[in-house]
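The following note sets out points for a colleague who is reading the structure alongside the sequence. The points are numbered so that each may be taken up separately.

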Amino acid sequence: MKKTLLILSAAGLSAMLLAGCGGQTGSASQGSGSSELYVYNWGEYIDESVIEEFEEETGITVVYDLFETNEEMYPIIEAGAVSYDVVCPSDYMIQKMRKNNLLAEINFDNVPNISQIDPAYMEMSKAFDPENKYSVPYCWGTVGILYNTKRLEELGVEPPSKWADLWDERLSGEILMQDSVRDAFMVALKKDGFSMNSTSVEELQQAKQALVEQKPLVQAYVIDQVRDKMIGGEAAVGVIYSGEMLYIQEEAANLGLDYTLEYVLPEEGTNLWLDSWVIPANAKNKENAEKWIDFLCRPEIAKKNFEYITYPTPNKGTFDLLDEELQNNKTVFPDTDTLVNCEVFEYMGDETDAIYNDLWKEVKSN
Amino acid sequence: MNKKILAGPYLVWMIGFVIIPLALIVYYGLTDRSGAFTMANVLSITKPEHIKALMLSLALSFISTVICLLLAFPLSMILRNRGMGKGSFIVFLFILPMWMNFLLRTLAWQTLLEKNGVINGILTALGLPRQNLINTPGAIVLGMVYNFLPFMVLPIYNVLCKIDDNTVNAARDLGAGFWQTLIHIWIPLSLPGIISGITMVFVPALTTFVISNLLGGSKILLIGNVIEQEFMKSSNWNLGSGLSLVLMVFILISMALIAKYDKNGEGSTF
């Protein structure tokens, strides 16, 4: 009898514990008058003083959580165990969330600062949010090749200008590739002139074959480390997000490196990406979320974030506040005519996703 | 009764953080995305790329375990024969790096092994050619041995310390040489510690994905990396859980081994 009692109380306790975890968000559901906001964002994707400023100004308590990949974020929003109020996914993931009815329409009456966002990016958003109803652009950028001029000279290789240059055998062990399915396949698909949103099995097989052929030349598949490895002179070329360039140039100047690191947009075209704020359908504090989005669209606030993140901002109010030198930095803010061959990632359905993932595993295990 | 009350928090802990997560893995592993029962996730281990990753994991963790054992046994003998004072200081030195975060220590190896890293810096300073050390299976084995060696040393050292000197002296007295004592006294009596050490090295080495990511440059796919990719990159928790269930079989085998050879828990590390 005593034993059963003990087990029962233990079970009860653990149930309470679990309920406690889930209940956190439940208790915050007081509708419009609530004073909490659950934010789910990428790591290192905001100047943290902005959060404090927002809390001071609005009296809303922000609960701030981080994710590392879109794919990691998605099942958490889908399961809905923790209901986040505002999330910052990338283009194709917004499309997937929208298609699976996970997003709420934003009430733009509460987001007057939307007028600060350059209409060009609202246009770009239509690739994944056709009526501009669900998302507000936050950061954007391109993917390109970063190269070490001195190292290339030593190897006797001319600077890269296209993706196909990453298959040059003289660069054996000198290439850093992105360790993510879509980015890696983007490089291989674009090299052969295919769309990076290809669903054709033959095209994908060809891309996989190309990646397998390239693998012996690749030094490592990394994500954020491309930046530090290139600064450290570990490799001659690396595939990198344009937003890292400001940091890299600054760091190269600080360290007084005897080589320069240059960024090039490959001529076959590349990935043009956009990360935007969205409100999940199960958000408990939707109005607070809209306040948050509006706050981040303020030019001064967006400038603070831009200075911290260094990824290009779609906020034209902020752009006008920047130094002329920065405004003319073509790596960060490329001319639109250089982006003609670029594409935005699209969500192609779970089945095609599975094909990509399987092919990528084949590349990796080869 | 008192003792049972004390066990309460432990029970809550076990249910909340062991039983429930395990049940979730079993649930996800045996269902598909729609929630219907399926064995496909578990059976997908037979796909060539999964088998390849599993075999590579088994091979690398086996090599690491053997190296750890070959290093740890003589070391534990030395430590034991040193007596308490000096011996425990060396043991302390062994545990000391474990106070530092495992990730940081592995990242440090990255800096050491890199192309422009410390080791190659020393080699070039001595006029020797640069070696391609990082992003090779060898680097992964090195990382495993480095990180898991203490888990082999401590249990072996523990059982060796408990062996009565008189037993050894008796063997010597009866004319056994060094090798005979080793084979007939030291090894059989320290078997619980050896088995415990083997599992404590083999299991984490088999499931690691961090070491292969950091020191293998993500070019070498271990089964741990496959599972990580399913969870973090493919959003396919079902497949990830199914493969985890397969890995659990290997872990259960090693637990059965411990139960067989280490009945009294002599080889437990702490």
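**Notes on the domains, core and chain interface**

1. In chain A, 19 residues of domain 1 are in contact with 17 residues of domain 2. The model is a predicted one, and the domain assignment of chain A gives domain 1 as 34-139 + 274-333 and domain 2 as 141-272 + 342-365. Taken over C-alpha atoms, the centres of domain 1 and domain 2 of chain A are separated by 27 Å.

2. How much area is buried between domain 1 and domain 2 of chain A? The value is about 1600 Å², with carbon and sulfur atoms giving 63% of it. On the side of domain 1 of chain A, A:Tyr92, A:Tyr311 and A:Thr331 supply 33% of the area buried against domain 2 of chain A, more than any other three residues.

3. The polar links between the two domains should be read next. Between domain 1 and domain 2 of chain A the count is 1 salt bridge. A:Lys96 forms a salt bridge with A:Asp350, and the closest N and O atoms of this pair are 3.5 Å apart. Residue pairs in polar contact between domain 1 and domain 2 of chain A, both at pLDDT 80 or more, come to 3. Helix H4 (91-99) and H12 of chain A each supply at least two residues of the side of domain 1 that touches domain 2. The largest share of that side, 5 residues, comes from H4(A).

4. The nonpolar interior deserves a separate point. In soluble globular proteins, nonpolar side chains tend to be buried together. The largest nonpolar core has 104 residues, of which A:Leu166, A:Met177, A:Phe185, A:Trp292 and A:Ile293 touch the most other members. This core draws at least three residues from each of domain 1 and domain 2 of chain A. Apart from it lies another core, of 37 residues, including B:Ala72, B:Leu154, B:Ala205 and B:Ile220.

5. Which residues surround A:Met177? Not counting residues up to four places away in sequence, A:Met177 touches A:Leu166, A:Ala184, A:Val187, A:Leu211, A:Gln214, A:Val218, A:Ala220, A:Tyr221, A:Val222 and A:Val239.

6. The interface between the chains comes next. The size of an interface is often given as the accessible area lost when the parts come together. Chain A and chain B bury about 3100 Å² between them, and 54% of this is on carbon and sulfur atoms. Chain A gives 37 residues to the contact and chain B gives 33 residues.

7. Between chain A and chain B the count is 5 salt bridges. A side-chain salt bridge joins A:Lys361 and B:Glu230, at 2.6 Å from N to O. The rule also finds 22 residue pairs in polar contact across the interface of chain A and chain B, both residues being at pLDDT 80 or more. On the side of chain A that touches chain B, at least two residues each are supplied by helix H1 (2-26), helix H3 (70-79), strand E7 (218-222), helix H9 (225-231) and helix H15 (350-365) of chain A.

8. Is A:Asp168 buried or exposed? Its relative accessible area is 19%, and since buried means under 20%, A:Asp168 counts as buried. A:Asp168 is placed in the loop between helix H6 (149-155) and strand E6 (175-178) of chain A. The side chain of A:Asp168 makes a polar contact with the side chain of A:Arg170, at 2.8 Å. Leaving aside neighbours within four places in sequence, A:Asp168 is in contact with A:Val157 and A:Leu217.

9. A:Thr318 is found in helix H13 of chain A and counts as buried, at 0% relative accessibility. Residues up to four places away in sequence left out, A:Thr318 touches A:Pro299, A:Ala302, A:Lys303 and A:Thr313. A:Thr318 and A:Gln209 are 109 residues apart in sequence, and their C-alpha atoms are 44 Å apart in space.

10. A:Thr310, in the loop between helix H12 (299-309) and helix H13 (316-321) of chain A, has a positive phi near 65 degrees although it is not a glycine; A:Thr310 counts as buried at 12% relative accessibility. B:Asn135 is placed in the loop between helix H6 (118-125) and helix H7 (137-162) of chain B. The phi of B:Asn135, a residue other than glycine, is positive at about 60 degrees, and B:Asn135 is buried, with a relative accessible area of 12%.

Terms used:
Residues numbered from 1 in each chain as written. Chains lettered and ligands numbered in written order. Predicted model: local features only at pLDDT ≥ 70, side-chain atom pairs only at ≥ 80, totals over all residues. Heavy atoms only, no water. Helix = DSSP H or I, 4+ residues; strand = E, 2+ residues; numbered from the N terminus. Buried < 20%, exposed > 50% of the residue type's maximum accessible area, 1.4 Å probe, protein only. Core = buried A, V, L, I, M, F, W, Y, C linked by side-chain atoms within 4.5 Å. Domains from an automatic or database assignment. Contact = heavy atoms within 4.5 Å. Buried area = accessible area lost by both parts, 1.4 Å probe. Salt bridge = Lys/Arg side-chain N within 4 Å of Asp/Glu carboxyl O. Polar contact = N/O pair within 3.5 Å; in protein donor to acceptor, adjacent residues only side chain to side chain.
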